[in-house]
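Reader: I'm new to this one. Could you walk me through it, one question at a time?

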Amino acid sequence: MLLLRRCGRIAVALAAALGAGAVAPAPDWSEPCENRFAVLDGGFEGARLSACEPRRSKFVVRIEPENSPINPSPWYAFRLTPKRAGEIEIVLRYAEAAHRYHPWIDDGAGWRPLPADAVRENRRGRKAALRIKIAAAPVIIAAQPLFLNEDYAAWVDALARGRDHARTIAIGESRQGRTLIALLDGAPEKTKPAPCALFVGRQHPPEVTGAFAMMAFLETVFGNSALAAAFRARYDVIAVPNLNPDGVALGNWRHNAGGIDLNRDWGPFTQPETAAVKALLDQRCAEEKGGLALMLDFHSTRRNLFYTQSADETTAPPRFAERWLAGARARLDEYEFEHAERAYSSRPTLKNYIFSRFGAPAITYEVGDGAARAEAEAAARILAEEMMKTLLAPHP
Ligand SMILES: [Zn+2]
């Protein structure tokens with residue numbers, strides 16, 4: 001209890017000293033928290049726990065965001081190293097949000113969700129008790145399967161390997177100096193005037209289901225089908241799959257290392273991550289270079305949906321979202337989704353920025369937090385095909 005109280009006080013004092021919106025340094029929970037059953041720690045990329053109190057046969061773990069105010073995406077990730085086999089309880093305590101993400105576990109054999117009856121929430125969700133069976137191997141417990149910066153690097157390399165039409169470029173550095181990577185379908189120097197098709201992902205670190213969908217989507221766009229080849233001949237494909245690598249590494253709920261929601265920085269451009277994409281757009285997608293025909297921004301939320309322009313906002317190409325989603329819906333029996341029209345507002349999201357600058361369809365592609373990976377990927381492949389067909393079809 002002492003430990004928990006002390007850390008709480010330090011966090012409060014730090015927040016007060018730094019002022020609202022400032023970011024307290026991440027607590028170093030590589031320091032172990034230990035009882036006679038196990039050692040609990042957060043000494044790895046993507047980890048988040050803000051305090052840990054060992055009890056006789058359980059741990060009480062406090063989960064706090066990187067700074068406030070913040071949207072309620074209470075990410076957590078920590079490791080348990082067993083000392084003996086048995087069952088252990090972990091109580092998650094939240095200060096600024098309710099428990100949201102069903103826990104996943106990896107014991108080295110791959111990620112799987114904890115059984116539903118192993119999680120007990122109190123009524124307001126400020127506490128969740130997890131029962132975990134431990135054997136000999138360390139396990140990681142996390143809010144979603146971990147998909148980290150090294151996983152993106154491996155995926156990007158695998159995609160670009162052996163494909164002349166897929167190459168990676170560094171477009172800048174994150175606040176903490178991590179390389180921001182873009183995938184292109186052509187030369188680093190643009191040689192043909194062709195409209196850009198822009199795909200952005202992982203502005204928000206916990207949104208892993210959106211990342212899984214995005215990778216399947218891009219594998220289809222960069223694939224070897226005749227449709228994909230025709231699409232890439234006509235459009236300049238630009239993808240930035242991991243815009244917030246610092247947030248991913250730090251286990252942030254939502255913000256980058258500067259304590260900013262990147263999806264509220266498209267206009268101010270105060271952060272290096274958003275500024276890097278803007279510079280790329282200025283360089284490749286200006287009017288004389290062909291402009292921009294489409295932007296999709298991949299996220300996760302409570303259910304599958306697509307935020308698009310409203311029906312009375314004219315996009316170029318016209319009625320893209322309606323035609324695209326109708327084509328996909330006809331092929332997607334199992335994947336339910338909502339088409340949610342949201343008119344332009346002055347909120348500086350990527351969607352609003354792209355629509356106001358280019359008049360192009362600018363769509364937020366949201367995947368449910370609980371979507372099964374294989375289903376989100378299968379749907380993304382179909383959505384990618386329908387996207388390409390719709391952009392290649394004569395405009396109505
Ligand atoms: Zn998001």
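Predicted model: local features only at pLDDT ≥ 70, side-chain atom pairs only at ≥ 80, totals over all residues.

Reader: Is the peptide bond from Ser68 to Pro69 cis or trans?
Author: Look at omega for the bond from Ser68 to Pro69, which is near -5 degrees. The bond is cis.

Reader: And what is omega for the peptide bond from Ala316 to Pro317?
Author: Pro317 sits in the loop between strand E17 (305–308) and helix H7 (320–331). The bond from Ala316 into Pro317 is cis. Its omega is near 0 degrees.

Reader: Arg319 is in the loop between E17 and H7 too; what is its phi?
Author: Arg319 is partly exposed, with a relative accessible area of 43%. Its phi is positive, in a residue other than glycine. The value is near 55 degrees.

Reader: What about Phe269: is it buried or exposed?
Author: Phe269 is found in the loop between H5 and H6, and its phi is positive as well, near 50 degrees. The relative accessible area of Phe269 is 17%, and the cut-off for buried is under 20%. So Phe269 is buried.

Reader: How are the rings of Phe269 and Tyr353 arranged?
Author: This is one of 16 aromatic pairs in the structure. A pair of aromatic rings is described by the distance of the centres and the angle of the planes. Here the centres are 5.1 Å apart and the planes stand at 80 degrees, and over 60 counts as edge-to-face. So the arrangement of Phe269 and Tyr353 is edge-to-face.

Reader: How many residues apart in sequence are the parts that this pair ties together?
Author: Both Phe269 and Tyr353 are buried. Phe269 comes from the loop between helix H5 (245–250) and helix H6 (272–284), while Tyr353 belongs to helix H8 (residues 350–358). The pair therefore ties together parts separated in sequence by 84 residues.

Reader: Which residues have the most contacts inside the largest nonpolar core?
Author: In soluble globular proteins, nonpolar side chains tend to be buried together. In this model the largest nonpolar core has 90 residues. Helix H3 (residues 208–221) gives the largest share, 10 residues, and at least three residues come from each of domain 1 (2–142) and domain 2 (149–392). The residues with the most contacts inside the core are Phe199, Phe217, Trp324 and Met387.

Reader: Which ring does the charged end of Arg329 sit over?
Author: Ring pairs link a cluster that includes Phe199, Phe217, Trp324 and Phe337. The charged end of Arg329 is 4.1 Å from the centre of one ring. That ring belongs to Phe337.

Reader: And how far is Arg373 from the ring centre of Phe212?
Author: Arg373 lies over the face of the Phe212 ring. The distance to the ring centre is 3.7 Å.

Reader: Which side chain does Glu53 make a polar contact with?
Author: Glu53 is placed in strand E3 (residues 51–54). At 5% relative accessibility, Glu53 counts as buried. Its side chain makes a polar contact at 2.8 Å, and the partner is the side chain of Arg55.

Reader: Last one: what feature does UniProt place at residues 144–387?
Author: Over those residues the chain is 37% helix and 20% strand, with the end C-alpha atoms 28 Å apart. The UniProt entry is unreviewed, and the feature it gives there is "domain: Peptidase M14".

Note on methods. Residues numbered from 1 in each chain as written. Heavy atoms only, no water. Phe/Tyr/Trp six-rings, centres within 6.5 Å; stacked < 30°, edge-to-face > 60°. Helix = DSSP H or I, 4+ residues; strand = E, 2+ residues; numbered from the N terminus. Buried < 20%, exposed > 50% of the residue type's maximum accessible area, 1.4 Å probe, protein only. Lys NZ or Arg CZ within 6 Å of the ring centre and 35° of its normal. Polar contact = N/O pair within 3.5 Å; in protein donor to acceptor, adjacent residues only side chain to side chain. UniProt positions renumbered as here; feature names shortened; annotations may be inferred. Core = buried A, V, L, I, M, F, W, Y, C linked by side-chain atoms within 4.5 Å. Domains from an automatic or database assignment.
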